[in-house]
Amino acid sequence: MSGGAGGGGTVYHVGMADLVVANAPATLITLGLGSCIGLVIYDTVAKVAGMAHIMLPESRGAKVEKLGKFADTAVPALVSEMLQKGAEKLRMKAKLAGGAQMFAMPGTGAGSDFLAVGARNVKETTRMLSHFGIALLASDTGGNKGRTVEFCTNTWMLTIKTLGRGTSEI
Amino acid sequence: MLDLGSFNTLQLDAIREVGNIGTGCAATALSDMLSCTIRMAVPEVALVSVYSLSEYYGNPDAIVAAVFMRSSGEFGCSVIFIQKEEDAALLVDLLLRQQFGGAIPSSMPEEVYDSAISEVGNIMISSFLNAVNMMIGTHKHENSVPGVARDMLASILDVVASMFGQMGEMALIIDAELRVDNVKGGAKGGGISSNIIMLPDPDALELLLGKLKVL
């Protein structure tokens, strides 16, 4: 899960439906987001950052084993784990990336609502953030390309790598 | 619902055979399109956590071309035709040469490339699904139009996992490899390699095993 790295502190790979909260210095990485969301919440004063790899918008009250899986369970779980690590809710800020629609399909044939899951993920994650009063400072969502994201507590910037579009920072 | 962890060997063999028949038909369709011999391996059947699908398939950063189709009806499932980018490029090249002779431009616009891959995937997956549905004797099935994507393996399987994640945590995957041998190059060298992956919906498995009389 973690290992040493030069400059960026401990490196954490956040797998599908996982969430990781870490004290600075840390680098949080999620590889290959498609329709999923890479959500980062951080507090620069307490120097705490958390990342979740959200797969779906709503848990619909189901028993959830991996809290990172759904937008409506990942945001509360990230917030409470960050509070435990000394963060304060009023100082929390968020950045997110992902929610692409990888497979472009014309028309509204079978399975099209399955495929619009990226947009629904973005909407529900944004809604949950505003419900918790956390400012969403930047986001890079939609489109039809996958993203690899990396959040470093040295700069508090989210680096996004996209095939054919290179690297950007938000 | 069926407990995915408790399949016996008879059931796994039956599922593998369904994959075999489907892949055989897809291979025949590909062979017709390319006018060459296609080799296929006996499909693998594996139970994989949806959260680690991309690890199961190797390097998450690898660039792949994938065609995705949903089949709805009695036997609901998702099928993906997937190959490394280099292999997809070779396949398109071979296909266009077959259709138009040597008169193809050396560099094609992305749209032509994606459209060709999408059509190959469409024909192969449709053949696959027709054979599978015929074998298990469903009354009707409806295939979606194909969706095509060219991107990191992890991000493509991320979408598949999300779709499957709405239904369950574990996915039964039927994975078959097809190879075109007499071609230079390719990601593995010495030919074009591609995979067809079928993910039956959790409730479709019960129907499948029931129809095959191994439930």
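Predicted model: local features only at pLDDT ≥ 70, side-chain atom pairs only at ≥ 80, totals over all residues.
**Entry: chain A overall.** I went on to the makeup of the chain. I found 3 helices and 11 strands in chain A. Along the sequence they come in the order β-β-β-β-β-β-α-β-α-α-β-β-β-β. Chain A has 170 residues, and 54% of them count as buried. I also checked contact range: among contacts in chain A between residues at least 6 apart in sequence, 62% join residues at least 24 apart.

Entry: Most residues other than glycine have a negative phi, and most peptide bonds are trans, so I went looking for exceptions. The peptide bond from Ala24(A) to Pro25(A) is cis, its omega being near 0 degrees. I placed Pro25(A) in the loop between strand E3 (19-23) and strand E4 (26-33) of chain A.

Two residues with positive phi also went into my notes. Ala17(A) has phi near 70 degrees and sits in the loop between strand E2 (10-13) and E3 of chain A. Lys47(A) has phi near 55 degrees, and its loop runs between strand E5 (37-43) and strand E6 (48-54) of chain A. Are these residues buried or exposed? Ala17(A) has a relative accessible area of 2%, under the 20% cut-off, so Ala17(A) is buried. Lys47(A), at 45% relative accessibility, counts as partly exposed.

**Entry: nonpolar cores.** Which residues touch the most other members of the largest nonpolar core? In this core of 52 residues, they are Met51(A), Met55(A), Phe103(A), Phe151(A), Leu158(A), Ile173(B) and Leu199(B). Helix H5 (residues 153-165) of chain B gives the largest share of the core, 8 residues. I then followed Phe151(A): beyond its neighbours within four places in sequence, its contacts include Met51(A), Leu158(A), Tyr42(A), Trp156(A) and Lys95(A). Another core, of 48 residues, lies apart from the largest one, and Phe7(B), Ala14(B), Leu34(B) and Ala116(B) are among its members.

**Entry: a helix pair in chain B.** I finished with helix H1 (residues 9-34) and helix H4 (residues 110-136) of chain B, which pack at an angle of about 140 degrees with axes 8 Å apart. H1(B) passes H4(B) in a right-handed crossing. Among the residues that meet here are Gly19(B), Gly22(B) and Ala26(B) from H1(B), and Ile123(B), Ser127(B) and Phe128(B) from H4(B). The contact residues divide into 15 nonpolar, 4 polar and 1 charged.

Terms used:
Residues numbered from 1 in each chain as written. Chains lettered and ligands numbered in written order. Heavy atoms only, no water. Axes fitted to C-alpha atoms, helices over the stretch in contact; angles between N-to-C directions. Helix = DSSP H or I, 4+ residues; strand = E, 2+ residues; numbered from the N terminus. Left-handed = near helix turned anticlockwise from the far one by under 90°. Contact = heavy atoms within 4.5 Å. Nonpolar A, V, L, I, M, F, W, Y, C, P; charged D, E, K, R; others polar. Core = buried A, V, L, I, M, F, W, Y, C linked by side-chain atoms within 4.5 Å. Buried < 20%, exposed > 50% of the residue type's maximum accessible area, 1.4 Å probe, protein only.
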